Amino acid sequence: MKNYTVLACVESTIVHPTKFYGRFELGRFATGQALTVANTLRRSLLSQLPGVSMTLVQIENVLHEYETVLGIQECALDIILNLKHVVLTAEFEMFSPQIGFINVKGPAIVRASDLKLPFFITCVNPNQYIATLTEKGELNLTVLINCGKNYLNHTPSSMGYQARIQ
């Protein structure tokens, strides 16, 4: 009898809007081959997933990421780290960078739903916390949104255009 390789989805569920779970069965491999094939398959599939994310952040009156801002409880680094948790999706593939912004005056709790985005980009988790503003606090920031595959480090000069947001 011949041994056939089987590929089947055993289980698939949506755990949370930002987390998916899937269990697949792939079989009959020789001893020691399964782990090699599984890791290669996982890495190659993950590298081909397209995504939309914020790649550049400019916060008004902030010169570097360790600076504190008057009227905001979080420092600039904490705001950036909170923005990294914001999950974006687009209705179609973008071929040029897009711009989003937040303009909020305190007192307020700033969430991802306060992001002003182009009409075809939506936020998957609008309740994601970004910052807390006091009575005199004001948060004005601009983000550059890109679409792509893989993880790449970009600098404004390596993108082939001037990415500085005024």
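In which strand is Asn 140 placed? Asn 140 lies in strand β9, which covers residues 138-148. The model described here is predicted.

Asn 140 has a relative accessible area of 13%. The cut-off for a buried residue is under 20%, so Asn 140 is classed as buried.

The side chain of Asn 140 makes a polar contact of 3.0 Å with the side chain of Glu 138. When residues up to four places away in sequence are not counted, Asn 140 touches Gln 58, Ile 59 and Glu 60, together with Ile 102, Asn 103 and Val 104.

## Ile 109 in strand β6

Strand β6 runs over residues 108-111 and contains Ile 109. The relative accessibility of Ile 109 is 47%.

With neighbours within four places in sequence left aside, Ile 109 is in contact with Asp 114, Tyr 129, Ala 131 and Thr 132. Between Ile 109 and Thr 134 the C-alpha to C-alpha distance is 8.9 Å, at a separation of 25 residues in sequence.

## Aromatic pairs

Searching the whole structure gives two aromatic pairs. Phe 119 and Phe 120 form an edge-to-face pair, with 5.2 Å from centre to centre and 85° between the planes. Ring pairs also bring Phe 92 into a cluster with Phe 119 and Phe 120.

Methods: Residues are numbered from 1 along each chain as its sequence is written. This is a predicted model: local features need pLDDT of at least 70, side-chain atom pairs count only at pLDDT 80 or more; totals for chains, interfaces and linings use all residues. Side-chain values use heavy atoms; hydrogens and water are left out. Helices (H or I, at least four residues) and strands (E, at least two) are DSSP runs, numbered from the N terminus. Buried means under 20% relative accessible area, exposed over 50%, partly exposed in between (1.4 Å probe, protein chains only). A polar contact is a pair of N or O atoms within 3.5 Å; within protein, one must be able to donate a hydrogen and the other to accept it, and residues adjacent in sequence count only if both atoms are side-chain atoms. Contact means heavy atoms within 4.5 Å. Rings of Phe, Tyr and Trp (its six-membered ring) pair if their centres lie within 6.5 Å; planes under 30 degrees apart count as stacked, over 60 as edge-to-face and the rest as tilted.
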